[in-house]
Protein chains: 6
Amino acid sequence: MTDYQTPRNPDMSAPRYTGIPTFMRAPLADTLENIDIALIGIPYDGALTNRPGARHGPREVRNQSSLMRAINHATRINPYELCKIADVGDVPFNSVFNIEDSHRDIEDFVSSVISGGAIPLSCGGDHSVSLPLLRATAKSPVALIHIDAHTDTWDSFQGSKFNHGAPFRRAHEEGLIIPEKTVQIGIRGAQNVSEGWDYSEGNGMRVMFIEEVQNRGIEAAVEETRAIIGDTPVYITFDIDSIDPAFAPGTGTPEIGGLTPPEALGLIRGFRKLNHIGADVVEISPPFDNGDLTSLTGATVMYELLCLLAETVSLR
Amino acid sequence: MTDYQTPRNPDMSAPRYTGIPTFMRAPLADTLENIDIALIGIPYDGALTNRPGARHGPREVRNQSSLMRAINHATRINPYELCKIADVGDVPFNSVFNIEDSHRDIEDFVSSVISGGAIPLSCGGDHSVSLPLLRATAKSPVALIHIDAHTDTWDSFQGSKFNHGAPFRRAHEEGLIIPEKTVQIGIRGAQNVSEGWDYSEGNGMRVMFIEEVQNRGIEAAVEETRAIIGDTPVYITFDIDSIDPAFAPGTGTPEIGGLTPPEALGLIRGFRKLNHIGADVVEISPPFDNGDLTSLTGATVMYELLCLLAETVSLR
Amino acid sequence: MTDYQTPRNPDMSAPRYTGIPTFMRAPLADTLENIDIALIGIPYDGALTNRPGARHGPREVRNQSSLMRAINHATRINPYELCKIADVGDVPFNSVFNIEDSHRDIEDFVSSVISGGAIPLSCGGDHSVSLPLLRATAKSPVALIHIDAHTDTWDSFQGSKFNHGAPFRRAHEEGLIIPEKTVQIGIRGAQNVSEGWDYSEGNGMRVMFIEEVQNRGIEAAVEETRAIIGDTPVYITFDIDSIDPAFAPGTGTPEIGGLTPPEALGLIRGFRKLNHIGADVVEISPPFDNGDLTSLTGATVMYELLCLLAETVSLR
Amino acid sequence: MTDYQTPRNPDMSAPRYTGIPTFMRAPLADTLENIDIALIGIPYDGALTNRPGARHGPREVRNQSSLMRAINHATRINPYELCKIADVGDVPFNSVFNIEDSHRDIEDFVSSVISGGAIPLSCGGDHSVSLPLLRATAKSPVALIHIDAHTDTWDSFQGSKFNHGAPFRRAHEEGLIIPEKTVQIGIRGAQNVSEGWDYSEGNGMRVMFIEEVQNRGIEAAVEETRAIIGDTPVYITFDIDSIDPAFAPGTGTPEIGGLTPPEALGLIRGFRKLNHIGADVVEISPPFDNGDLTSLTGATVMYELLCLLAETVSLR
Amino acid sequence: MTDYQTPRNPDMSAPRYTGIPTFMRAPLADTLENIDIALIGIPYDGALTNRPGARHGPREVRNQSSLMRAINHATRINPYELCKIADVGDVPFNSVFNIEDSHRDIEDFVSSVISGGAIPLSCGGDHSVSLPLLRATAKSPVALIHIDAHTDTWDSFQGSKFNHGAPFRRAHEEGLIIPEKTVQIGIRGAQNVSEGWDYSEGNGMRVMFIEEVQNRGIEAAVEETRAIIGDTPVYITFDIDSIDPAFAPGTGTPEIGGLTPPEALGLIRGFRKLNHIGADVVEISPPFDNGDLTSLTGATVMYELLCLLAETVSLR
Amino acid sequence: MTDYQTPRNPDMSAPRYTGIPTFMRAPLADTLENIDIALIGIPYDGALTNRPGARHGPREVRNQSSLMRAINHATRINPYELCKIADVGDVPFNSVFNIEDSHRDIEDFVSSVISGGAIPLSCGGDHSVSLPLLRATAKSPVALIHIDAHTDTWDSFQGSKFNHGAPFRRAHEEGLIIPEKTVQIGIRGAQNVSEGWDYSEGNGMRVMFIEEVQNRGIEAAVEETRAIIGDTPVYITFDIDSIDPAFAPGTGTPEIGGLTPPEALGLIRGFRKLNHIGADVVEISPPFDNGDLTSLTGATVMYELLCLLAETVSLR
């Protein structure tokens, strides 16, 4: 029996439809120690305001992420040569019916991951999960690159100030992010009141509406963002609805006219060698997807973020 | 029982999956009077030549249009602050099996809407409905902005000269449109004969094939169109197949290589403050849609047209 | 303008794809008074434990219910001749993020419907909504006909005792239902512990597992149920997952091997002239549906329940 | 080049996903002569009243019918050994926008097929096509076996008495069918008025509602029908909506609670050695199908009808 | 870090959309020893003759099998209390392009599983995989319960005698099965030649065509099968196409008119306490599935087979 | 019977949903002689390494290609006026289970087509089919325009050096292509090793990664390619996965961030009047498609290639 390869150490050269699906076919962790970058699933969507399903996101992203491989064709980064990477599983939940309790479950698990020495790369889940992620990750106020159709700096909805349209307002109030080093890219979509947009801009965040991004181009967006962030520790949060719904239909609040995948990939690749401390991809809702396209797109975004994190970690 | 809010006056701040779906959650009309802009459904597809289903368009666009909200992020127009807007329901049909009778039903209903003082913003239906819409709307010959993959100036098909490939030839013959002030944008797709293209160009219409639009850019297309139209009363007709089928697959005659949503939105927003007298969005076929993407796109196009009309109405 | 038929009074003889979709093309209410049977949407799914989407149920059931018509071919009941029937819209929610608050919203709205003189026929929503429905409807303990794959007499899950697997345990504890006059039909599906089954049977409820129903036949199930219920006021709750997922795939907790539609219709038609006080259809999740089949099935179940209620009301 | 097998004579032993799809991989005809049974496509849906798409039926049934093979496992009939069978293509249309003209196109083509010596087995198209099929086929009044959810003996709708709910009322008026030898099996679904049911029964047709069929069983239905028909020349018309929509969702007017496929196959196989003169399968609407299930079911029904016709032809 | 529960030991009481999907949420094996029943994925479809995709079967069945739980409601068997059960992963392949080499990969892996002391419960894969499974499992000729639409005793196709229509002819030739103790249940579907049916019957196998099963009932089929098998070691192979395609559309060779799920479950539950040595579920093709229904059905069949095996193992 | 138009000579002016689907409604050949351009289906996917289904490509492309018409709107080429074009059917296979034998079947059939005097325009099938296509077409080493996400110059996978990632490595080894006149356009997607990229570049092929194409523009890519190819006989192979998966989701190895359809059409139209000897479109997998979008895109690419070939042939 010596030659039995256990299913938790998948072989990346095996046919891609085989094996237990872990994030990007990374090994399943036995412990939270001795990992550089921890891939985390956060199957939670209790804070969203419209179409549900992001709770199914981690599982389908894991499934589609088997199509990812090692060497980035554009940057030639091979994250697996640079770092120890493992799938540490999903956040275990004790209370999915109460947003604040669920956020505590997330914060606790991610804190233990970080205590073990890894930096987190998460897959949500609705966008509310970025608040407990920042609570666990930001030991002091951090810079934020926020790619999204919405600023998510709105206030209460249906009685909760922790809904998925509010996490960065809360993060700002809690001192987790530096507003002058917060860049929100891809913003669009009509609103009933302008409050969220006004909050971001009124508090010093840089809001790049989609038309500005499209008119000035990705290179300009990258350069300005890099100038704003500098070498401050930075967290990247990527809402899949930043991308146009033809490329990523499976999401809760689609807005047409978004980023194309080349634009999205161009943005991420533009943020190499920043002082990365973590990242997430959120709002992938498989029940609203067409042919797993959104999960594939989400998996690819996650892979590109992994390349970013791995390069930065390897340079430390 | 005094606090009962009737379901025909939906609350735009309620969760978007709730309530009876009216166009953009506008109130349902009790009367055709005292409305500035009337939202009209035209569930008719008896004149099309290929894949059916546009009869289901108004219902699904109403459904998806609950995702629309008030303030346009790009233009900051809030149409509901500028105008009285109501959903007046669908054209009532007495004869769906005879194109000419059906067109009369449409013309009659839209005429009564206009008599009540409103200008019409319709959702089709196949493109043949634009002919009775123009008959009701154009008291004298009008300018036409026609965004489409096809010129729809072909002649009879299968024995009917009122099929959905012919409305603007008929409109020209009937003196409803000014050919020199007619601009057709986004034209593409092979044809068995060149007759329709030739008819448009031979009669003085400006035909912008898609390659020209893509090469010169949206800004140039807008500027030339504005120069052609001037302040002549103008009707906008938007065929959803002008947009690439990845973004709008649910249509009867898809042609790949079309407008992207940012291009389409850029076109519409370029036509602010023209002398608008009405508009329509047509050829949305839900049975051929993928995950309601086309209906969402159609709803967004309709919302952007609403912003155009509302601004113009408010300036009169 | 005198001949304008407002869109809130749809014409049942119009083509079925036309018009604003109300439940079964019933008129939209202007007031909660003067209605015999109120059709209510409850777009809430905050209490479910697995696949989400039941919040979209009422809208899609309204959409598909346009295929319903007046005269039942099997019973020849025409509910519209027997009663005044109206769609009173959706329960208005103030707090979708807290189960107990949401249940209060439901109870309040349904109570006001009942105060107006109507009996409620609701469309959910997850099954937790039956608890506030019973709170509003059961002035004293009532009999319950419960058609479902699950007994829904389980206890807390993830910290909440109001999750969608628990409503009838809570209803029993609150004295809303008479356990000896509670019949649960169609139960099946593996469980991790037997506690829910045991609770039902241990408290005197009659649990008919699906195999028993299939072996003894619908007629026997109906007869026994009628004998148990007698003329006690009775509420019927119909979970769409009682039906086999080939016929009703769009639901949160599918279990193969369920009722066929002829069996389900046979059950409902068997309950004519009982002392009906209300009914609901729940757990229809359109994002997991195939081609609207579940919504069509749910609409038909709702129509059959309407026939039951209308006949009983007309006999009072 | 002598060994080139032309694509119009497909090889039934080739992999079933290969080749140009003809009905059941029968050869394409070069002429209408020398054929015993002609397989005909009727891609027409201009007479339907609800969901469209039956125009796409023949093409998708041809596609799925490649899964059919030669020897019937239940009856051991091999129609290809008994008869000359060919696909003669689709009815060529000159006027799809006028029901009466389209019906003339159908009657003309089918008449020429019959003049060539073949009996027709057609695939629609909406159910209105059975009227011109009967006009071409019934030289004198014939018996009719009509398997359907609806009696299709209703009168005018939206101004046309040739809509798809009326063909057998018209056929009766035109003296094409013998009402006392007309059996309608599987009838169900609510109606706004009872007129169609009353017309059938009032004129002597035998209407077997679905509940009767389910209660008495297929064998009883077959026996009674055979007794009614005797050896009168008989035409079979099979509306796919007779089958439950879980098995055949792709149709214009679905009604839950229909025949199961074993029941439908049992019915057809019960009609061996009657005096068959033709048959059709109608109302398959691929745009509303789930995974081609309805087209596969329709192809299998067509194959079973082919076995019936072939056996009868071989016995003449 | 002591409280970290590794993702390979999932918690069955966690929400069912969470966690790495193993078969039925069983733990992932670290070794092939100390397991009573090994759950094995065989993602191979290189031997099929029609629609592909069964290679994706194990992954989607794992995904849907999270809906399975512990206690069987009908038999009250809890397999996890009776046996040690683990997911040992997928067969590792070295050569997916050559059927015979692939079969050797399967046989080798399953042999090592059996050497470790477990009995195999596999999820395919096309039906050709049952041949290497029998080679590994049948130390001497065994009895076979074969539930399928096809006898799979046909000969070569396209030059290979190991295609998925031939495994039990080969198994018979190789002396792996006892033909007089082989029962084939559910057979149907036309064939071009009768050779496969004839081979089965000519060699003493008991072929129960679907009509016989439907007419005599499941109980009779079970009794006769039990009488034939006796206490001979028996292998069960379950082809998902035995079930009607409305319930299991995602398969390579669908044939309408098959078993219903209650019939299929009734069959399996009828085989309690036989001398089981292994089982498989095959031919689940997710790319042809509708809404994961086939994978859910396959997962439930696998769970019921697990109950059978566990009970027998516990009684040894 | 003289006026019977046989179904093998379809009428391009008939409604597009009618008739037996041949490639672009070209006539079905009776012989391989007297054809200028032969349209060939190659329903083979036995050599692919990931998601299957390309075997269904030719049939669905034929189906969707009915939407193609005669005159190219951009180039005004009408291929049917320039050449004799016919659909010669699918490659007949004798051995789908052995890659090398299958490749021989393809080579033999295409060779006979070429012997008849036609040049081949094929529709695959997985990309391995280009190897036998080149063997049949390239009498001496040819230039190659290869539009794809992958260089397909990798080596063995799972024991076969003829898998679909290797055809151009083999073609190079066999002396079928001139590496210095081979241009690979659109390359992207991570890889586990860089070997394939290195092989192409190390052997003198011009590899244009997607980012280069996007940055420099289509015009630059066309110009450089034309300069490289010159008037050497050239074969074009178009893998549908070169196009972004939002526009062409139905493929085996999707990689986000690909060509848009306007870019793809621009590339093809840029290659007018080269010395074309044949072309193919491959890797269209209908089971993974959304709403036939990929087949429509593939049909349009095939039509554009037909225009290229026809113009070149007409100029010879």
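Chain B and chain E do not touch, and their nearest C-alpha atoms are 13 Å apart. Chain A and chain D likewise share no contact, with 13 Å between their closest C-alpha atoms. Chain E does meet chain A and chain F. This is a predicted model.

**Chain A with chain E**

- The contact draws 34 residues from chain A and 34 residues from chain E.
- On the side of chain A that touches chain E, two or more residues each come from α1 (57-64) and β2 (85-90) of chain A.
- Strand β2(A) gives the largest share of that side, four residues.
- By class, the side of chain A that touches chain E splits into 16 nonpolar, 11 polar and seven charged residues.

**Chain F with chain E**

- Here 18 residues of chain F are in contact with 18 residues of chain E.
- The side of chain F that touches chain E holds seven nonpolar, eight polar and three charged residues.
- Chain F can be laid on chain E by a turn of 180° with a shift of 0.0 Å along the axis, and the RMSD is 0.0 Å.
- P287(F) is the residue of chain F that comes closest to the rotation axis, with its C-alpha at 2.8 Å.
- Interface residues of chain F are also interface residues in chain E in 100% of cases, so these copies too meet through the same surface.

**Helices α9 and α10 of chain E**

- Helix α9 (residues 261-269) and helix α10 (residues 293-315) of chain E have axes that come within 9 Å and cross at roughly 20°.
- The angle is under 35 degrees, so α9(E) and α10(E) count as roughly parallel to each other.
- The crossing of α9(E) past α10(E) is right-handed.
- From α9(E), the contact uses P261(E), A264(E), L265(E), I268(E) and R269(E).
- Their partners in α10(E) are T297(E), V301(E), E304(E), L305(E) and L308(E).
- By class, this contact of α9(E) with α10(E) has seven nonpolar, one polar and two charged residues.

**Helices α1 and α10 of chain D**

- In chain D, the axes of helix α1 (residues 57-64) and helix α10 (residues 293-315) come within 8 Å and cross at roughly 75°.
- E60(D), V61(D), N63(D) and Q64(D) make the contact from α1(D).
- S295(D), L296(D), G298(D), A299(D) and M302(D) make it from α10(D).
- The contact of α1(D) with α10(D) has four nonpolar, four polar and one charged residues.

**Helices α1 and α10 of chain F**

- Helix α1 (residues 57-64) and helix α10 (residues 293-315) of chain F pack at about 75°, and their axes are 8 Å apart.
- An angle from 65 to 115 degrees counts as roughly perpendicular, so α1(F) and α10(F) are roughly perpendicular to each other.
- On the α1(F) side, the contact is made by E60(F), V61(F), N63(F) and Q64(F).
- On the α10(F) side, the residues are S295(F), L296(F), G298(F), A299(F) and M302(F).
- By class, the contact of α1(F) with α10(F) divides into four nonpolar, four polar and one charged.

**G89 of chain D**

- G89(D) sits in strand β2 (residues 85-90) of chain D.
- G89(D) counts as buried because 27 C-beta neighbours lie inside 10 Å, and the cut-off for a buried residue is 20 or more.
- Beyond its neighbours within four places in sequence, G89(D) is in contact with G41(D) of chain D and with P7(F), G19(F) and I20(F) of chain F.
- L265(D) is 176 residues from G89(D) along the chain, and their C-alpha atoms are separated by 26 Å.

Terms used. Residues are numbered from 1 along each chain as its sequence is written. Chains are lettered from A and ligands numbered from 1 in the order in which they are written. This is a predicted model: local features need pLDDT of at least 70, side-chain atom pairs count only at pLDDT 80 or more; totals for chains, interfaces and linings use all residues. Axes are lines fitted to C-alpha atoms, for helices over the stretch in contact, and angles run from 0 to 180 degrees between N-to-C directions. Angles under 35 degrees count as roughly parallel, over 145 as roughly antiparallel, 65 to 115 as roughly perpendicular and the rest as oblique. A crossing is left-handed if the near helix is turned anticlockwise from the far one by less than a right angle, and right-handed if clockwise. Two residues are in contact if their C-beta atoms, placed from the backbone, lie within 7 Å. Ala, Val, Leu, Ile, Met, Phe, Trp, Tyr, Cys and Pro count as nonpolar, Asp, Glu, Lys and Arg as charged, and the others, Gly among them, as polar. A residue is buried if 20 or more other C-beta atoms lie within 10 Å of its own, exposed if 12 or fewer, and partly exposed in between; C-beta atoms are placed from the backbone. Copies are superposed by least squares on the C-alpha atoms of residues with pLDDT of at least 70 in both.
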